[in-house]
Amino acid sequence: SIFNKVENNFFKIVLFLVSVILIINIFGYFHELGYDGEHHKWYIEVLPLDLPTDKDTKEYFSPPLPYLFPSVIDSVCDKLNEVYLMDFNCTFIYGKLTQILQALMFIGIIFLIRNISDTIEPKNTKYLNSVLLLFIMLPVSYKSFVMIRGEPYISFFMFLLIAIVTKVAYKQIEITNKLTIFTGIILGLIGLSRQWGLLFFPALFVLLAAVIKKNDKNFNVKFVKYSFLSFLISLFVFGWFYFMLFLDYGSLTAFNRAPVSFSFNNQPSSFYFGLGMGDVFSKPIRGFSMTNMLIPVLYSDVWGDYWGYFTVTMGRGGLDTNYEIVKYLGRVNLVSIIPTLIMLFGIVVFLLKLNTINRNRIFYTFILSAITFFWIGYMWFLIKYPIPLKGDTIKGTYILHLIHLLPFFGAFLMDQIKELSCKMYNLLFGILTLIMIHNLPAMITRFFGGV
């Protein structure tokens, strides 16, 4: 039947659809219109031979990996202009080439999701399709990957690392010296992508504990050695940058704003408990009643464009305002309650069944611990650097890596539903597909021609 054909070819459909969206956004979006675009530009132009200081750019605290490729392109382009008296627009060239690179990383994540799914749920096509559908329907991904910044790199290397260590934990690949070195390098690149990446490291200790609990002494000794050496290698990859940050600015977590002493009172009660019900489904953009409310702002930025950097132009980039799209984004928020609840309830169901689940307990414990540490670190950041009048550090992009792990729990719940009733699963999958189609315009930029 047509449904079986779609199910069996869903991966190809996903690749095609995502590729089309990414290509449209690459052609339509000028990278400097992203969050703090000019500061990322200045970082790029100081590299590749020097690291920027706080005098060069307010992004000085960010690790250099995401800026290395565009900086090399920029340097080559500048040299061509100088030597051959050319007139290349170097900013445009390195911007587009970097967006293409990041688009390839996005496609790479989709392949890594299939790889991970094959490890934990072999030959379970419905599970893979559920993860993919929930993953590709998140507008925040397309917005983040078209900007030049570190979070897309965290996500890519995180998925690559998860794919590797899951196969090791499931004894599907042998632990070798080459694998240990490769794992250490990938782990180091996570730390060298952006500071958020360091929050992934504690989850690896949770994975280590879960593996030790389940396996025999012989395998545990190998896995502990593999973990320790990989971590040691990663320190050589990323540690130098944080050491320099500490020497120059007195902190491993230096930032461009002064921190305050940690206290939950740093943020008003509306930050923690405000739901913005008056605007979240009608005016889900900044400037209305949701200012500095954590949940509605984050929700609106994940499913839409709360800050106006991707679909809501707000007159930026020399473009006309397009506030007529805001009502549509309100509807996106409304229908997206369903996939949001599926992903969150997946976590709840896993925790309720934790003691009875044997298959894949290690994997989901590992993923949930990563989500938890990402969230705790992000909350610490929001409380240490409060901006109650604006709340402009509440952005979906900042926890992109956390959001990207939630579809695994959504697929876990969908799989539980499938075991109870295949018809119910198919109905839910159909509803999610309709929501994906409805939300499609939220994944495509409106900044065509903006500079």
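Buried means under 20% relative accessible area, exposed means over 50%, and partly exposed covers what lies in between. Aspartate 54, at 38% relative accessibility, therefore counts as partly exposed. With those words in hand, we can take a walk through this structure, which is a predicted model.

## Charged pairs

Let us stay with aspartate 54 for a moment. Its side chain meets that of lysine 55 in a salt bridge, with 3.7 Å from N to O. Lysine 55 has a relative accessible area of 73%, so lysine 55 is exposed.

How many salt bridges does a search of the whole structure find? The search gives 16. Three of them are set out here.

| Salt bridge | Closest N and O atoms |
|---|---|
| Lysine 143 and aspartate 305 | 3.8 Å |
| Arginine 257 and aspartate 392 | 3.1 Å |

Lysine 143 and aspartate 305 form a salt bridge with their closest N and O atoms 3.8 Å apart. Lysine 143 belongs to helix α7 (residues 139-145), while aspartate 305 sits in the loop between α13 and α14 (325-335), so this pair ties together parts that are 162 residues apart in sequence. Lysine 143 and aspartate 305 are both buried.

For arginine 257 and aspartate 392, the closest N and O atoms are 3.1 Å apart. Here the two partners come from loops: arginine 257 from the one between α11 (217-249) and α12 (269-273), aspartate 392 from the one between α16 (361-384) and α17 (400-420), so the pair ties together parts that are 135 residues apart in sequence. Is arginine 257 buried or partly exposed? Its relative accessible area is 30%, so arginine 257 is partly exposed. Aspartate 392, in contrast, has a relative accessible area of 13% and is buried. Elsewhere, salt bridges with shared partners join Glu59, Arg149, Glu151 and Arg194 into one network.

## The nonpolar core and its rings

Now to the inside. The largest nonpolar core has 152 residues, and Ile110 and Phe200 are those with the most contacts inside it. Which residues does phenylalanine 200 contact, leaving aside its neighbours within four places in sequence? They are Met158, Leu161, Ile162, Ile190, Phe366, Ala370 and Phe374.

Aromatic rings deserve a look of their own, as the count comes to 46 aromatic pairs. In one of them, phenylalanine 200 and phenylalanine 366 form a tilted pair, 5.8 Å centre to centre with 55° between the planes. This pair links distant parts of the chain, 166 residues apart: phenylalanine 200 lies in the loop between α9 (177-191) and α10 (201-214), and phenylalanine 366 in helix α16. Phenylalanine 200 and phenylalanine 366 are both buried.

Another pair is made by phenylalanine 350 and tyrosine 364, whose ring centres are 5.7 Å apart and whose planes stand at 45°, so this pair is tilted. Phenylalanine 350 is in helix α15 (residues 337-352) and tyrosine 364 in helix α16, 14 residues apart. Both phenylalanine 350 and tyrosine 364 are buried. They also belong to a cluster linked by ring pairs, whose members include Phe106, Phe135, Tyr142, Phe350, Tyr364 and Phe412.

Phenylalanine 412 lies in helix α17. At 6% relative accessibility, phenylalanine 412 counts as buried. Not counting residues up to four places away in sequence, phenylalanine 412 touches Tyr127, Gly346, Val349, Phe350, Ile357 and Tyr364.

Helix α13 (residues 294-303) is mostly covered, with nine of its 10 residues buried. Among those buried residues are Leu294, Tyr299, Asp301 and Trp303.

Helix α4 (residues 65-83) holds valine 72, and aspartate 74 lies in helix α4 as well. Valine 72 is partly exposed, because its relative accessible area is 38%. Aspartate 74, with a relative accessible area of 6%, is buried. Aspartate 74 touches Glu45, Cys90 and Tyr94, not counting residues up to four places away in sequence.

Methods: Residues numbered from 1 in each chain as written. Predicted model: local features only at pLDDT ≥ 70, side-chain atom pairs only at ≥ 80, totals over all residues. Heavy atoms only, no water. Helix = DSSP H or I, 4+ residues; strand = E, 2+ residues; numbered from the N terminus. Buried < 20%, exposed > 50% of the residue type's maximum accessible area, 1.4 Å probe, protein only. Core = buried A, V, L, I, M, F, W, Y, C linked by side-chain atoms within 4.5 Å. Contact = heavy atoms within 4.5 Å. Salt bridge = Lys/Arg side-chain N within 4 Å of Asp/Glu carboxyl O. Phe/Tyr/Trp six-rings, centres within 6.5 Å; stacked < 30°, edge-to-face > 60°.
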